[in-house]
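I'd like to walk you through one model, going from charged pairs to rings and then to the nonpolar parts.

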Amino acid sequence: MVGLLQLLAGRFNNYANLFEVSSAFLVSFVAALLQNHVCFGTVSFAGIAMLLPGLALTTSIIEMATKNMISGTVRLVFALCRCFMLGYGISVGSMLGSRVLGLETSIALMQGQIDSTTKVGHCLPGPSKFWWFMFLPVLSLAFNVSISAHWRQWPFMMISGCLAYTVSYFASMSEALSPLAPAIAAFAMGLFANILASFYNHRSAVEPILGGVQLLVPGSLGVKTVLSFITSSGTSSGSFLYNIFATSLGVSVGLFLSGMCVFPNRRKRVGLMTF
């Protein structure tokens with residue numbers, strides 16, 4: 001459904017301004033109607049996964065850290081506005097879906113999105129984590145296609161994405177390393193990308209970094225922050241907001257360190273994604 005709406009937005013300029021809100025509304029409305037048969041939070045977030053502004057949030061932090069204040073601030077405001085548009089669409093869609101079913105409130109649905117442990121809807125146990133890694137290349141490929149990457153760039157971008165997610169997953173399993181998981185994963189990914197760029201003079205480090213950072217960015221946390229504000233859960237919203245900036249800063253620091261290790265005196269090919 002979201003893909004069809006995106007094609008419609010590309011065809012009609014007036015509808016493009018309503019694309020994010022209408023997509024989030026439609027997905028959450030359908031998920032709310034089917035909440036007795038599907039897991040509301042999983043289905044609704046899966047529908048808008050490609051619209052989450054995690055990459056814009058991370059890029060804005062990187063640009064501000066590199067003293068590009070104007071472009072970084074613009075990207076940050078745009079990403080936060082997109083979070084609010086998606087959050088507004090989800091809240092309205094879940095509310096109307098609940099009213100159609102005769103339910104008085106949809107707060108439980110939105111809290112089910114904020115905290116996946118509440119299991120709002122017909123939620124079944126997830127598959128084995130073995131399948132996460134089996135489908136990881138497919139997810140990375142889908143992200144590469146969504147940003148219109150050339151097919152010749154796919155292999156290294158997929159390797160970078162799988163490397164970033166794998167390092168982040170195993171680092172987060174350690175209680176001591178869990179807060180540093182985004183930074184460690186970004187460092188490993190950036191090290192791979194910059195070493196690759198040092199061996200291939202015609203290749204930039206930005207391509208594999210862009211393929212890997214998409215699996216580390218905190219886009220869903222931004223929407224969860226908005227939903228926390230809507231449900232008047234101030235403590236949760238503050239926690240999610242902190243996690244957004246902590247994750248983005250961790251990715252930024254990891255990329256800076258990897259570039260410094262490979263190119264300590266030359267910045268020509270260091271991929272910092274300041275575009």
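Let's begin with Arg-82, which forms a salt bridge with Glu-20, the closest N and O atoms being 3.4 Å apart. By salt bridge I mean a side-chain nitrogen of Lys or Arg within 4 Å of a carboxyl oxygen of Asp or Glu. Arg-82 sits in helix H6 (residues 69-100) and Glu-20 in helix H3 (residues 19-33), so this pair ties together parts that are 62 residues apart in sequence. Helices here are DSSP runs of H or I with at least four residues, strands are runs of E with at least two, and both are numbered from the N terminus.

A word on the ground rules: this is a predicted model, so local features need pLDDT of at least 70 and side-chain atom pairs count only at pLDDT 80 or more, while totals for chains, interfaces and linings use all residues. Residues are numbered from 1 along each chain as its sequence is written, and side-chain values use heavy atoms, with hydrogens and water left out.

Are the two partners buried or exposed? Arg-82 is buried, at a relative accessible area of 17%, and Glu-20 is buried too, at 12%. The cut-offs are under 20% relative accessible area for buried, over 50% for exposed, and partly exposed in between, using a 1.4 Å probe and protein chains only.

The search of the whole structure finds two salt bridges. Arg-75 forms one with Glu-63, where the closest N and O atoms are 3.1 Å apart. That pair links distant parts of the chain, with Arg-75 in helix H6 and Glu-63 in helix H5 (residues 54-65), 12 residues apart. Arg-75 counts as partly exposed at 27% relative accessibility, whereas Glu-63 counts as buried at 3%.

Now to the rings. Rings of Phe, Tyr and Trp (its six-membered ring) pair if their centres lie within 6.5 Å; planes under 30 degrees apart count as stacked, over 60 as edge-to-face and the rest as tilted. By this rule we get nine aromatic pairs. Phe-133 and Phe-170 are stacked, 6.2 Å centre to centre with 25 degrees between the planes. They join helix H8 to helix H10 (residues 154-172), 37 residues apart. Tyr-165 and Tyr-169 are stacked as well, at 6.4 Å and 20 degrees. Being four residues apart in helix H10, these two tyrosines are separated by about one helical turn. Ring pairs link Trp-132, Phe-133, Tyr-165, Tyr-169 and Phe-170 into a cluster.

Finally, the nonpolar cores. A core is a set of buried Ala, Val, Leu, Ile, Met, Phe, Trp, Tyr and Cys residues joined through side-chain atoms within 4.5 Å. The largest has 13 residues, and those with the most contacts inside it include Ala-186, Met-189, Ile-209 and Leu-255. Which helices each supply at least two of its residues? They are H11, H12 (206-213) and H14 (234-262). H11 gives the largest share, five residues. Apart from this core lies another, of 12 residues, among them Tyr-15, Val-27, Phe-45 and Leu-86.
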